[in-house]
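Hi everyone, thanks for making time. Let me put the model up on the screen, and then I'll walk you through what I'd like you to see.

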Amino acid sequence: MTDSSSQIFLGSMTGTSLDGMDLVAVMFEQDKHPQLLYKKFIAYPDDLKQQLKSLCQSPDAKVSDCCQTDSWLGEFYADSINQFLSDFNLPSSKISALGSHGQTIRHNVSTSHPYTLQIGDPNIITARTGLKVVADFRRKDLALGGQGAPLAPAFHQQVFHSPKHNRVILNIGGIANITYLPADISMPVIGFDTGPGNTLIDQVCQQRSDFSYDKDGKLARSGNIIKPLLTSILEKEPYFNKAYPKSTGTDYFSPSWLSQFDTHATPTTDLLATITELTAVSISKQIQAFTVKPSECFVCGGGAHNAYLLERIASHLDDIKLDSTIAAGIDPDWVEAMAFAWLAKQTLNNEPGNLPSVTNAQYCTILGGVFQ
């Protein structure tokens, strides 16, 4: 690939909310802001969604089930990508590569043998689409002593840095993560997972209501925050006070994690109000803890549409301005998928995609494997 040319990359992101795939086509031109050409959300079929939830949330998931779902998901990705190319009349010959994140099934860097696993076989994708595919982005960083996550901060630095303002980019997916971008470029970028984003809210909705998620936070807004329960969770869960770099996943903040707290008699709306407040407090406390306080916070991810959650976060941020990433130039729904298109470009350019100041890897490195 030559930097002087205009090239189109696809980026796909299936995040910890387990709802489906964000797919984008992005134009990259030298010294220009990446241009989002086309975008589409493709929902998981119900049977695939249930299988993925079972794999993510069950500690006793079978290896054979994981292997079969790896192929199943690869087929879903390939079919969705082919339909995307057809919908937007994009010839595969015009695409430099696809950056495929895959679906995270496990992520644990606190064990004696750290691991992270994203499934969705890239061999199937390239065989069925004819595209060059860059995938398995996280494990090289992990091999170098890093967390393997989050990886989006390097992209955030490219597109959201301001020479005038210390900024935070807050991504609220199933898990929430933040990127701290100092105005002074000599200062290190910081990024880490803060803890649950939408995952606990979604889990309670799915277990206790007819809804798969709390649209606009309406159910939580109608409930009461149970302060003793909130205090108990914040005090008992060590992750919230753990120093960064750090990362986590929905396999940790799972239904079994929530079951350790006595919530059975708590009315559904009160429980939703409480865990929404847990998300808001755990995010905002970690944003407030930076030595040099940011003046701006831009939100992306599915949680950017939860009006009540954003109100609760804003209430804890004092004088830090809270806004959507649309105010910084990119629609909040497509930031993460664009990041993996950018990471694929970095890999094909033989350029690094990680930030050691974020992940604690030994050094910057080229991420992922290329399948063709």
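Predicted model: local features only at pLDDT ≥ 70, side-chain atom pairs only at ≥ 80, totals over all residues.

As a reminder, a disulfide is a covalent bond between the sulfur atoms of two cysteines. So which cysteine sulfur is closest to that of cysteine 205? The answer is the sulfur in cysteine 56, and at 18 Å it is too far for a bond; the cut-off used here is 2.5 Å.

While we're on cysteines, is cysteine 205 buried or exposed? Cysteine 205 has 0% relative accessibility, so it counts as buried. Cysteine 364 has 42% relative accessibility and therefore counts as partly exposed.

Now let's zoom out to the whole protein. The secondary structure comprises 13 helices and 12 strands. The radius of gyration is 20 Å, close to the 21 Å from the globule rule for 372 residues, so the protein is as compact as a globular protein of that length. If you draw a box around the C-alpha atoms along the principal axes, you get roughly 60 × 50 × 40 Å.

How much of the protein is buried? Of the 372 residues, 55% are. Looking at contacts with a separation of 6 or more, 70% come from residues 24 or more positions apart.

Last stop, the surface and the charges. The accessible surface is about 15700 Å², and carbon and sulfur atoms account for 48% of that. The protein carries 28 positive and 37 negative charges, and their mean positions lie 2 Å apart.

That's my tour, and I'm happy to take questions!

Notes
Residues numbered from 1 in each chain as written. Heavy atoms only, no water. Helix = DSSP H or I, 4+ residues; strand = E, 2+ residues; numbered from the N terminus. Rg over C-alpha atoms; globule rule 2.2 N^0.38 Å. Buried < 20%, exposed > 50% of the residue type's maximum accessible area, 1.4 Å probe, protein only. Contact = heavy atoms within 4.5 Å. Areas by Shrake-Rupley, 256 points an atom, 1.4 Å probe, with all protein chains shown as cover. Lys, Arg positive; Asp, Glu negative; His and termini not counted. Charge placed at Lys NZ, Arg CZ, Asp CG, Glu CD.
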